[in-house]
There are 2 protein chains.
Amino acid sequence: MKYSKQREIVLKALEENVIHPTADELYKLIIKDFPNIGLATVYRNLNLLAEKGVIKKIYGLNDAAHFDHNTHNHHHFICTKCNKIYDIPYDIASDIADNVWKKTGFAIERTELSFQGTCKNCQTKN
Amino acid sequence: MKYSKQREIVLKALEENVIHPTADELYKLIIKDFPNIGLATVYRNLNLLAEKGVIKKIYGLNDAAHFDHNTHNHHHFICTKCNKIYDIPYDIASDIADNVWKKTGFAIERTELSFQGTCKNCQTKN
DNA sequence: CCTTAAACTGATAATGATTATCATTATTAG
DNA sequence: CTAATAATGATAATCATTATCAGTTTAAGG
């Protein structure tokens, strides 16, 4: 991975953001200061940085992927109306829905807990 | 919601499937027996049935949405290589990653726990 | 058993997010 | 300074999904 000015810009823009922007949202913010950056570059660098573990890609609803500069263990609450993503502290995960309601006031309509990795089939195949 | 032959076909096809098919995968299975069904009809009915709680829509990776006829509380393991979705029993959720590894042999690379619903902003706006 | 409104269908166009392509430019090790 | 490699910006291509719309099916009331 070689240094690039654009990657630095993308990372900094994400770090300055409290919300969890999509690639396109971040692009629209960045072009205000750097009108020459390309949309594909923003996508490329966000995915690259997520691959390297510098940032985190959030797979929420199936519309657009969101990105998070906070790589520490924590959960997310996704509003099904406005699509905003809120942070949920990690230690809340024990009595899931009830606890979230009591501690945050978020009315949970759906809880998605999914694990991703390499299954046994694919582990042996490689 | 009115009865429709096509919806019955879609539901039955999903119920007969152990895998967690995408709309397109299910469509390709169904047209073998019912060549006249439309792709949009499969999408429509899967989303409608998921809305009504008859089946469950799985938001995993950000490619295509998967569907599950099992609406009981359980989790999923998504293989990042073959994209297959496996069931994980519900009572496993306490000591998340470690327990899954010990009980199933799945090597977890990413755990996604996300809650969806209506946030406070949107609750008051409506 | 009719009639009619509402729901549903299949075909296809449109949309929206993301990736692929490719000629050009920037970075970096020696 | 130079060559090899990675990165860029513009844009075309892809892929999943939704919107549209004219025609068909369903169901409830007379």
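# Chain A–chain B interface and DNA strand D

No salt bridges are counted between chain B and chain A: the number is zero. The model is predicted. DNA strand D has 21 residues around it, with A:Lys2, A:Ser4, A:Thr41, B:Tyr43 and B:Ala65 coming nearest.

**Extent of the protein interface**

- The contact takes 44 residues from chain B and 44 residues from chain A.

- Zero residue pairs in polar contact are found between chain B and chain A, with both residues required to be at pLDDT 80 or more.
- The salt-bridge count between the two chains is also zero.

**Elements and residue classes on the chain B side**

- Elements of chain B that give two or more residues to the side touching chain A are the strands β1 (56-58), β3 (75-79), β4 (85-88) and β5 (107-118), and the helices α4 (96-104) and α5 (120-125).
- β5(B) gives the most to this side, with twelve residues.
- By class, the chain B side that touches chain A has 20 nonpolar, 15 polar and nine charged residues.

**Strand pairing between chains**

- Strand β5 (residues 107-118) of chain A is joined to β3(B) by four bridges. The two strands run parallel.
- A:Phe115 has B:Phe77 of β3(B) as its bridge partner.

**Contacts with the DNA backbone**

- Sugar or phosphate supplies 70% of the atoms of DNA strand D within 4 Å of the protein. Bases supply the rest.
- A:Ser4 places a polar side-chain atom 2.6 Å from a phosphate oxygen of DNA strand D.
- In the side chain of B:Asn47, an N or O atom is 3.0 Å from a phosphate oxygen of DNA strand D.
- B:Tyr3 uses its backbone: an N or O atom there lies 3.3 Å from a phosphate oxygen of DNA strand D.

**Protein surface near DNA strand D**

- Elements giving two or more residues to this surface are α1 (5-15) and α3 (39-51) of chain A, together with α3 (39-51) of chain B.
- The surface near DNA strand D divides into eight nonpolar, seven polar and six charged residues.

How values were computed. Residues numbered from 1 in each chain as written. Chains lettered and ligands numbered in written order. Heavy atoms only, no water. Near = heavy atom within 4 Å. Polar contact = N/O pair within 3.5 Å; in protein donor to acceptor, adjacent residues only side chain to side chain. Nonpolar A, V, L, I, M, F, W, Y, C, P; charged D, E, K, R; others polar. Contact = heavy atoms within 4.5 Å. Salt bridge = Lys/Arg side-chain N within 4 Å of Asp/Glu carboxyl O. Pairing = 2+ DSSP bridges.
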